[in-house]
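Here is a briefing on one protein model. Look at the pockets, the domain contact and the backbone as you read.

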Amino acid sequence: MIDTLIHARWIIPVVPEQKVYENCSLAIDKGKIIGLLPSPEAAARFEASEEIHLDQHALIPGLINTHNHAAMTLLRGFADDRPLMEWLENHIWPNERKWVDPEFATDGSRLAVAEMLRSGTTTFSDQYFFPEATAQVARETGVRAQIAFPVIDFPTPWSRNSEDALQKGLALRDDYKANERIDVVFAPHAPYTVGDATLERIAVYAAEAQIAVQMHLHETATEVERALAETGERPTERLLRLGLLGPQTLCVHMTAVNERDIELLQSSGAHVAHCPRSNLKLASGFCPTARLLQAGVNVALGTDGAASNNSLDLFTEANTAALLAKAVSGDAAALPAHQVLAMATINGARALGIDQITGSLETGKSADLAAIHLGQLEQQPLHDPVSQLIYTAAGHNVSDVWVAGRRLLRDRQLQTINEIEVIQRAQQWRARIAGQA
């Protein structure tokens, strides 16, 4: 007797690599995967409380979004078509000071989680103000989350300074230390908003308590040039000197990269969160993903916030990452479909330090899954399901999602979120912001 038995046309476990199993079944009990085996054998071996047949679907590990600003969904489309620093300094930061509060963070995070679940994401890492609100939304909705609390030296809507942010963030970490789905980690915002003293302090905390660190890094060439002019160091070199570049570090963006940066990432064991669509939209630059992967650097995918993307669909991000890598490297074989799917799943789990829990369909791991319908006109004829996932599928093909064996999306219907209410709240925020613009 087990809880759930899912029979699928294709099962793509990601680990082992390059494998696609046809007409097989996934057995789930007490939130964990206990077997992946041919469907006739599964039917003979198990009796399940719930048996699900997905005859035209691919079953994959739930997608992992390694970088997001969930509450910024309420600023989707608000200040499009502007370069990064103008976008931040003249539009985003002033309006964040005006509008961002616990209510904004709660409503925006719930909208983001709903969008991510409906596009196959089961785990996300978030970096935004009022992280306690986003953590509460994650707890209520059943999604898996890494809450990276922002540390900035100057006042923000959430904190007076870096000391205040660290105190609040560490208290939040204590609140969630027993939660199996939610982890709270450090997020010093960027090299230009956090000084050496603060970064050194975070490095000590992170090393002593084995806490992960996420930071925007090498986001633009201007950032790197400014750092060199002011300090004589590239940002990666500065983090290394301060003890903050290591296996616990997730470097977000990494567009302006030279061979020395790649060498430091490889030797330190740091990870990279690649956000191609946001980088393209803000003209921030191109992350050399193929070179990084060839050097042994773990590269995962993130959407960034919906204010600069404007979508949280990680399938669309994977598609863009694959195409961009080919163009940047001049090699059509760069980032093949299987490798990009790994970036969106197991690589993301490694980057967040949870690859023993999720990221692949292996026995003993949490049953974090997404089912994608591949029987529609746009996917025909189907020669290779992995190719279809990366090059033709998008979030709207996702039919069902499970986290720890709990079905959070059933036949496109959210099970823990009131979709109508989420839309209404988003529209109310639009009216409020537009009325005061």
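This is a predicted model: local features need pLDDT of at least 70, side-chain atom pairs count only at pLDDT 80 or more; totals for chains, interfaces and linings use all residues.

Residues are numbered from 1 along each chain as its sequence is written, and side-chain values use heavy atoms, with hydrogens and water left out. The protein is assigned domain 1 (2-61 + 359-404) and domain 2 (63-352). The second largest pocket lies between them, because both domains give residues to its lining.

**Domains and their interface**

- The bounds of the domains come from an automatic or database domain assignment.
- A distance of 29 Å separates the C-alpha centres of domain 1 and domain 2.
- Domain 1 puts 29 residues into the contact, and domain 2 puts in 29 residues (contact: heavy atoms within 4.5 Å).
- Between domain 1 and domain 2, about 2,000 Å² is buried (the accessible area, with a 1.4 Å probe, that two parts lose on being put together, summed over both).
- Carbon and sulfur atoms give 69% of that buried area.
- On the domain 1 side, Ile-390, Tyr-391 and Val-403 lose the most area to domain 2. Together these residues make up 29% of what that side buries.
- One salt bridge is found across the interface of domain 1 and domain 2 (a side-chain nitrogen of Lys or Arg within 4 Å of a carboxyl oxygen of Asp or Glu).

**Largest pocket**

- A pocket is an open set of points on a 1 Å grid over the protein atoms alone, where a 1.4 Å probe fits, with protein on both sides within 12 Å along at least five of seven lines. Lining residues have an atom within 4 Å of a point.
- The volume of the largest pocket is about 420 Å³ (the space filled by probe spheres set on the points, which are joined across faces, edges and corners).
- The largest pocket is lined by 28 residues, and the closest to its centre are Leu-88, Trp-93, Glu-96, Phe-129 and His-189.
- Helix H2 (residues 84-99) gives the largest share of this lining, seven residues. Helices (H or I, at least four residues) and strands (E, at least two) are DSSP runs, numbered from the N terminus.
- The lining of the largest pocket holds 16 nonpolar, eight polar and four charged residues. Nonpolar means Ala, Val, Leu, Ile, Met, Phe, Trp, Tyr, Cys and Pro; charged means Asp, Glu, Lys and Arg; the others, Gly among them, are polar.

**Second largest pocket**

- The second largest pocket has about 310 Å³ of space.
- Its lining has 17 residues, with Glu-17, His-338, Gln-339, Ala-342 and Asn-347 nearest the centre.
- Helices H13 (337-343) and H14 (346-352) each supply at least two lining residues. H13 gives the most, with four residues.
- Nine nonpolar, five polar and three charged residues form the lining of the second largest pocket.

**Salt bridges**

- The count of salt bridges is 28.
- Arg-110 and Glu-140 form one of them, at 3.1 Å from N to O. Arg-110 is in helix H3 (residues 102-118) and Glu-140 in helix H4 (residues 131-141), so this pair ties together parts 30 residues apart in sequence.
- Asp-368 pairs with Arg-144 in a salt bridge, with the closest N and O atoms 2.8 Å apart.

**Backbone geometry**

- The peptide bond joining Asn-309 and Asn-310 is cis, with omega about 15°. Asn-310 sits in the loop between strand S12 (298-301) and helix H12 (314-329).
- A cis peptide bond also runs from Gln-380 to Pro-381, with omega near -10°. The loop between strand S13 (369-373) and helix H15 (385-391) holds Pro-381.
- Asn-23, a residue other than glycine, has a positive phi near 50°. Asn-23 is part of strand S2 (residues 21-29).
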